[in-house]
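Take a look at the chain below.

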Amino acid sequence: MLPRIQISRRNPHLLETADGRQFLFIADTAWELFHRTYLDEAREYLSTRAEQRFNMIWANVLAEFDGIRTPNVYGNRPFVDEDPLQPNEGYFEYVDNVIGLATERGLYVGLLPTWGDKLTSPWGDGPALFRMDNLNVAYEYAKWLGSRYAFHDNVLWVLGGDRPAKLFGPENEFPRAYAKHVGLPMEVDWTPIWRALAHGLRAGGAQQLITYHPQGGSVSSSVFLHNEPWLQINAIQSGHGDGHDAPNWDLIARDYAMQPTKPTFEAEPNYEDHPVSPWPKWDPQNGRFDDYDVRKQLYRSIFAGGCGVVYGHHSIWQFASDRYPGINHVLMGWKTALHRPGAEQVRHLRTLTDDFDLLASTPAPSLLSPEPSPSKHACALRSPNRWMIYFPVAAEAILPLEQFSGRPFRLERFDPVSGLIGDWNAPLSTERDAVAVLTLLD
């Protein structure tokens, strides 16, 4: 069994396991895992991610792509007659089996009880099973689900499902525009439904941590939900629609400074091979996000103070294949995408952070000179005897060596592509980004 994760007692901005070890999750997005894979395919996917040193995967119980009415690959729908109070045991046995495979491979599971279109719509296939006029349905479904997985210590509950908790507010331009298009009132507030789901999980005996996956843009979970007692971890989504170098570091810093203190993290940065800014229509001249784009957002979000980060590949979140042709300009099938460079490089991020005292660390933006260009924005993380600075453009790195005031130190250069570390001035394979590692020697 894997130890349960909890808010760190040493550093409430971060996480630890129940036995007191630091826990930085590096997850993968696998939204359709329970809906579109056979068990041998799920085994291949999970084994690969474990070998690449991911330590968590995220998946929807009620899938995005018409997950209520379109059966999974075994012909099972989640509910009888689309009734959340009548779960289909065959469907949930497969969920059990996949979670079991993840556990055997040392993987935690970010488990979404539902994708957001099953309650909030304004966009998505729905149907809206959980509504303001039937809050007890949400509560009872979550109570049943919480009871079923109460003793799975490797579960992190994820509410939200890429949707806002409310429509009103100055920062909700996209969902407000969409809601207006479909005739929803601007004052709509779905918080009571999310609250009912959270309370239902607890009533069922589920004591694992709960977070919330918001929609893309500047509206993180903290904007509307920070003071909800059930929300234990905030999340942001810098997403895929704001071009390269969306300032996720600013969103992390905003949440990091809030009271009461709660951990925060990047739940959906740009996905590898995803079209850049494809809405409302993709211009191929924009290109696709590559492994360099992915690395920048992963490292920045953690070095800005995040308690974890969630990688994604555009083919894998939807499990695109001959059986399920992809949406939004998919480039390859999911099995090919498993070994894309950004995913293979995750192991190096794990190696770097495993060797760093995260629980004694704080983000240190004051170490760095202001950088007017987001593409060159660096982020720093410091502990009492070691500093790490991520430079997206290594050739232009300005090291804050004056901060050491004559104290002896070792300066090394970590290559996030190869995982090699050596003297800062020695040539490495790094062509773009690098991490400066400064270690005090006294």
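Where is the place of P127? P127 sits in the loop between β5 and α4. Before going on, note that this is a predicted model: local features need pLDDT of at least 70, side-chain atom pairs count only at pLDDT 80 or more, and totals for chains, interfaces and linings use all residues. Residues are numbered from 1 along each chain as its sequence is written, and side-chain values use heavy atoms, with hydrogens and water left out. As for the element names, helices (H or I, at least four residues) and strands (E, at least two) are DSSP runs, numbered from the N terminus.

Back to P127. A cis peptide bond links it to G126. The omega angle there is about -5°. Most residues other than glycine have a negative phi, and most peptide bonds are trans. The chain has another cis bond to look at, between Q259 and P260. Its omega is also given as about -5°. P260 belongs to the loop between α8 (248–256) and β9 (264–266).

G124 is in the loop between β5 (108–112) and α4. G124 and E64 are 60 residues apart along the chain. Yet their C-alpha atoms are separated by 7.5 Å. Setting aside residues up to four places away in sequence, G124 touches D117 and R163. Contact here means heavy atoms within 4.5 Å.

Next come two residues with a positive phi. R53 has a phi of about 75°, although it is not a glycine. Find R53 in the loop between α2 (39–51) and β4 (56–60). D245 is not a glycine either, and its phi is about 60°. D245 is in the loop between β8 (234–236) and α8.

Are these two buried or exposed? R53 has 27% relative accessibility, so it counts as partly exposed. D245 has a relative accessible area of 9%, so it is buried.

W279 gives a further case. This residue is found in the loop between β9 and α9. Its relative accessibility is 53%, so W279 counts as exposed. W279 still has contacts. Leaving out neighbours within four places in sequence, it meets H240, G241, H274 and N328. W279 and G241 are 38 residues apart in sequence, but 6.8 Å apart in space, C-alpha to C-alpha.

Now turn to helix pairs. Two packed helices are described by the angle between their axes and the distance between the axes. Axes are lines fitted to C-alpha atoms, for helices over the stretch in contact, and angles run from 0 to 180 degrees between N-to-C directions. Angles under 35 degrees count as roughly parallel, over 145 as roughly antiparallel, 65 to 115 as roughly perpendicular and the rest as oblique.

Start with α3 (residues 89–104) and α4 (residues 135–148). Their axes come within 12 Å and cross at roughly 45°. The two helices are therefore oblique to each other. α3 passes α4 in a right-handed crossing. A crossing is right-handed if the near helix is turned clockwise from the far one by less than a right angle, and left-handed if anticlockwise. On the α3 side, E89, F92, E93 and D96 take part; they meet Y141, W144, L145 and R148 in α4. These residues divide into 4 nonpolar, no polar and 4 charged. Ala, Val, Leu, Ile, Met, Phe, Trp, Tyr, Cys and Pro count as nonpolar, Asp, Glu, Lys and Arg as charged, and the others, Gly among them, as polar.

What about α9 (residues 291–303) and α12 (residues 346–354)? Their axes come within 11 Å and cross at roughly 20°. That angle makes α9 roughly parallel to α12. The crossing of this pair is right-handed. L298, Y299, I302 and F303 in α9 meet V346, H348, L349 and L352 in α12. Here the contact residues divide into 7 nonpolar, 1 polar and no charged.

Finally, step back to the whole chain. Its secondary structure comes to 12 helices and 16 strands. Buried residues make up 58% of the 442 residues. The C-alpha trace spans about 70 × 45 × 45 Å along its principal axes.

How values were computed
Buried means under 20% relative accessible area, exposed over 50%, partly exposed in between (1.4 Å probe, protein chains only).
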